[in-house]
Amino acid sequence: MCPTLPLGPHRGYGPRGRLAIAAMVAGGLASDEALESLYTCLLCGACNEACPAGIDIVSAIREARAAAAARLASKRR
Amino acid sequence: MDSGEAARIVGELGKLLPGRVSSDPAILRIYSREASGVEGAPWAVVFPESPSDVSTLLAHAYRHEYPVYPQGSATSLAGSTAPLEGGVVLSLERMRSIKSVSLEDYTVDVEPGVRLAEVNLALASTPLFFPVDPGSVKVATVGGAIASGAGGMMGARYGTMRDWVLGLTIVLPDERGSVVRVGCRTLKCRQGLDLVRLIVGSEGTLAVVVEATLRLAPRPEATPTILAFFPREEAALEAALDVRRRGMDALLLEYMDEATARLAAEARGSPIGVEGHMLLASVASTRESRGRHLAELEEIARRRGATRVYRAASLEAAEEKGLLEVRRGLFAGQVLAGRRSFPGRRIHVLIEDIAVPPSKLGLAASMIRAAAEEAGLPLGLGGHVGDGNLHPSIAFPLDDPRAAEAAQRLHEEIGRIALRLGGTVSAEHGIGVEKRGLLEMELEAIGGLEALRLMRGIKRVFDPKGILNPGKVIPP
C-alpha cells in the first residue's frame, strides 16, 4: 500500500491520483498542486505490486516528472 | 445552475471550511471518475475533518440546492460514487481514525474514511477480526462498504456488511445538517424501525455516515484449505456444493474457470500450475479437527474428478504456498484476457455481479456462457460460489460501438438469467447508475414493483430536496 497516501491532503498523493495527474502533464493540464503530489511519490513500487491491471505506475510517474521538467525548462527559455 | 452561481457557492464553501475545499481542476479530475469508469464534472471537492464539517456542507447544500456526492475511495463498480450533475464531491478520506475497540463487547468504532484492511491491521494482535472482505479491501473504506452493503470472499460464512454494523452516526441533508445517532452498541437491538439496515446499502442516497460501530467476530481457530483443479466446470461447481451438502462450515468457496485462472496465474507470476477449472475451498475448523476436515475436502474434490489437489493447514499456510495468488489475480486475469482478445486496442472490462441460489450455479454458468457466445464477446467466469455469487467478466474494445452495444445487451441478459434462476441482478456491487434498469426488472419479476413507490417515499423523507447523490439507485 502506498506509504504517502495516508499522509497527503487528498487522493493525488496516492497511485490512482498520481496516474491521473501523470496523464494530465502531457496536455499541460497539471496544476502546481497536482505537480506537488507527483513529486512527493517515493517511487517505492508498492503500487506496482498491488495493481490488478498490471500498470507500471512508477514508470508513468517518472516519465511524467521528466515531461513536467521539460515543460518548465521550455517555458523559461 | 450557471457557472457564476457555482463559483459563488464554491467561494462560500472555501470560507466556511478553510483548507478543506479544492476547486483545482487537476485535482477535481481525480475525483470525477470512479473505478467503474463512470464519471462527471464536479465544481469542487470538500474534505470534512469532523462531523460538524459534514453538517456545515449539507446545510449549505440544502440552502442553495446543489448536489452532494459522498465518496470514500470511489472503488464502486456500479457508478454509485460518480458526480453526475456538477455539484460537490464530499470526500470522507480525512476522517480516518479508529476510535475504540472492545474485546468484551466485540465492537470497534471507526470514522468512515478508515480502510477495511486498516481495521484488521489494528486488530491483528487480538483474537478478533472484521469479516467483510471485498476484493478492494486494501483501498475501500468502511463508509463506502456501508454505503454499498459490501460482501466479499467470506460471504458464505459471514454474510455481508448489513450483518456487521451495529450503530451509525449520520448527517442528514436537511436545513441544519442534523447529526443523528441510530442503532445500538449491543448485538440485540430493537429500536423501532431498523434505520441502520436501511442506511447500509443505500449507496449514500439517504444520509452521510460520519461514524460507525462495527461488530467483530473471533477468528476461526483453524482454516484448512485446498486448491483443486477439475477438467470440467460443472464438476468444480458440484464439489463446492458437496462441501455445503455435507454441512461443512465453509469459510470460502472461490471458483475460477481455467482460462481466467491461467491468465491470473500469469499476471501474478504464480508458481502454481493451472491444470483445469479452479476451486479454492477453506473451512472453519479447530486444531483437533483440522486434519480430518482437510482429508474430507480432498476426498470431495477427488470424488468430483479433481486431477490435482493442493493442501494447506491454514489460510496463512495456503498464502505462503502461493495457493491464494491465482484467486487474487481474478481481475488481473480478466484484464489480461481482454487485452489478449483485442491486442493493441484500448479495452473496457465489465465485471458483472449476480447471485443465484447455489443449487442453480451449474445452470447459471452454462446459460451465461451461451449468452456470451451469442454476443460474440469473450467471457471469463469466477465467483464466490459459496453463496451463489458469480462475477462474469466481459471485455470489449472501446473503439467499436457495436461491440459496446453487444456488451450492454449481454450485461442485461446476464441480469435476466439471474432472475430466471431465482437470483438477483446485484449481489454485492450495488445498483448505482448502471443497474437501475435491472433493479426495476428484478422487482417486476418478483412481483415487487410497488417497492419502488416505497423507496421513493423514503428517499423524500430523508432528502426532501433530492441533493444527496441524485440519480443513483432508484430509477426515475
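**Exercise 1. Salt bridges**

Solution: The model is a predicted one, in which local features need pLDDT of at least 70 and side-chain atom pairs count only at pLDDT 80 or more, while totals for chains, interfaces and linings use all residues. Residues are numbered from 1 along each chain as its sequence is written, chains are lettered from A and ligands numbered from 1 in the order in which they are written, and side-chain values use heavy atoms, with hydrogens and water left out.

Step one takes B:Glu319 and B:Arg328, whose side chains meet in a salt bridge with an N to O distance of 2.7 Å. B:Glu319 is partly exposed because its relative accessible area is 37%, where buried means under 20% relative accessible area, exposed over 50% and partly exposed in between (1.4 Å probe, protein chains only). B:Arg328 has 43% relative accessibility and therefore also counts as partly exposed.

Step two turns to B:Glu450 and B:Arg453, which form a salt bridge whose closest N and O atoms are 2.6 Å apart. Both residues lie in helix H17 of chain B, three residues apart, about one turn of the helix; helices (H or I, at least four residues) and strands (E, at least two) are DSSP runs, numbered from the N terminus. B:Glu450 counts as partly exposed because its relative accessibility is 47%.

**Exercise 2. The interface of chain B and chain A**

Task: Describe how much area chain B and chain A bury between them, and which elements of chain B supply residues to the side that touches chain A.

Solution: The size of an interface is often given as the accessible area lost when the parts come together. Chain B and chain A bury about 1,700 Å² between them, 56% of it on carbon and sulfur atoms, buried area being the accessible area (1.4 Å probe) that two parts lose on being put together, summed over both. In chain B, the residues that lose the most area to chain A are B:Ala26, B:Ile27 and B:Ile30, which together account for 27% of what that side buries.

The contact takes 24 residues from chain B and 21 residues from chain A, where contact means heavy atoms within 4.5 Å. Between the two chains the count of salt bridges is zero. Helix H2 (25-32) and helix H13 (330-341) of chain B each supply at least two residues of the side that touches chain A, and the largest share of that side, five residues, comes from H2(B).

**Exercise 3. Positive phi and a buried leucine**

Task: Locate B:Glu65 and B:Asn469, and decide for each whether the residue is buried or exposed.

Solution: Most residues other than glycine have a negative phi, and most peptide bonds are trans. B:Glu65, although not a glycine, has a positive phi of about 55°, and lies in the loop between helix H3 (51-64) and strand S3 (68-71) of chain B. B:Glu65 counts as exposed because its relative accessibility is 52%.

B:Asn469, which is likewise not a glycine, has a positive phi near 50° and lies in the segment after H17 of chain B. B:Asn469 is buried because its relative accessible area is 1%.

B:Leu468 is also placed in the segment after helix H17 (450-462) of chain B, and counts as buried because its relative accessibility is 0%. B:Leu468 and B:Pro173 are 295 residues apart in sequence, yet 6.7 Å apart in space, C-alpha to C-alpha. Not counting residues up to four places away in sequence, B:Leu468 touches several residues, among them B:Leu58, B:Val68, B:Pro173, B:Leu206 and B:Lys459.

Note on methods. A salt bridge is a side-chain nitrogen of Lys or Arg within 4 Å of a carboxyl oxygen of Asp or Glu.
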